[in-house]
Amino acid sequence: MAQEIPQTDEEWREVLTDEEYRILREQGTEPKFSGEYLGKDDDGVYRCAGCGAELFDSETKFDSNSGWPSFYEAEDGAVELREDRSHGMVRTEVVCARCEGHLGHVFDDGPEPTGKRFCMNSVALEFDDEE
């Protein structure tokens with residue numbers, strides 16, 4: 001379930017691990033092929049590790065061979081897209097619409113029906129099994 005959102009940087013540092021903080025609050029990226037959810041194919045829901053908001057249904061997950069968990073669609077209103085001009089590239093950053101935590105990036109090379117590839121950091125996600 002969604003929890004209360006920290007309001008200050010100090011509060012975020014208290015509730016997140018160092019790695020979660022680096023990715024969610026400092027727009028970091030986990031190493032390619034290192035994320036715990038990369039090969040996961042269980043039924044369930046992926047939530048924001050920062051606030052617990054529901055982001056992706058496992059039915060939209062696919063193997064993109066990119067090195068990060070990928071989804072072709074986010075839950076309605078769950079994410080916001082922002083222009084990212086870091087690292088000498090122009091990309092579209094994906095952030096949690098509830099807490100504005102950095103999740104990853106979205107690209108236009110995914111499968112039908114959307115053609116999108118939401119390339120996410122496992123560290124930014126939590127998984128709830130469907131029981």
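Author: Two residues are in contact when heavy atoms of the two lie within 4.5 Å, and this is the sense in which "touches" is used below for Ser-70. The structure is a predicted model, in which local features need pLDDT of at least 70 and side-chain atom pairs count only at pLDDT 80 or more, whereas totals for chains, interfaces and linings use all residues. Residues are numbered from 1 along each chain as its sequence is written, and side-chain values use heavy atoms, with hydrogens and water left out.

Reader: Which residues does Ser-70 touch, once residues up to four places away in sequence are not counted?

Author: Ser-70 touches Thr-60, Lys-61, Phe-62, Ser-64, Arg-117, Phe-118 and Cys-119. With Ser-64 there is also a polar contact between the two side chains, at 2.8 Å; the term asks for a pair of N or O atoms within 3.5 Å, where, within protein, one must be able to donate a hydrogen and the other to accept it, and where residues adjacent in sequence count only if both atoms are side-chain atoms. Ser-70 itself lies in strand S4, residues 70–71, a strand being a DSSP run of E of at least two residues and a helix a run of H or I of at least four, both numbered from the N terminus.

Reader: What makes Ser-70 count as buried?

Author: A residue is buried under 20% relative accessible area, exposed over 50% and partly exposed in between, with a 1.4 Å probe and protein chains only. The value for Ser-70 is 0%, so Ser-70 counts as buried.

Reader: What is the distance between the closest N and O atoms of Glu-83 and Arg-85?

Author: The distance is 2.6 Å, and the two form a salt bridge. Glu-83 is exposed because its relative accessible area is 55%, and Arg-85 is exposed because its value is 56%. Glu-80 forms a salt bridge with Arg-82 at 3.5 Å; here Glu-80 counts as partly exposed at 32%, as does Arg-82 at 31%.

Reader: Why is the pair of Tyr-46 and Phe-71 called edge-to-face?

Author: Rings of Phe, Tyr and Trp (its six-membered ring) pair if their centres lie within 6.5 Å, and planes under 30 degrees apart count as stacked, over 60 as edge-to-face and the rest as tilted. A search of the whole structure finds six aromatic pairs. For Tyr-46 and Phe-71 the centres are 5.0 Å apart and the planes stand at 70°, so the pair is edge-to-face. This pair links distant parts of the chain, with Tyr-46 in strand S1 (residues 44–48) and Phe-71 in strand S4, 25 residues apart. Tyr-46 is buried at 0%, and Phe-71 is also buried at 0%.

Reader: What are the distance and the angle between the planes for Tyr-46 and Phe-127?

Author: The rings are 4.7 Å apart centre to centre, with 55° between the planes, and the pair is tilted. Phe-127 is in strand S9 (residues 125–129), 81 residues from Tyr-46 in strand S1. Ring pairs link Tyr-37, Tyr-46, Phe-56, Phe-71, Phe-118 and Phe-127 into a cluster.

Terms used:
A salt bridge is a side-chain nitrogen of Lys or Arg within 4 Å of a carboxyl oxygen of Asp or Glu.
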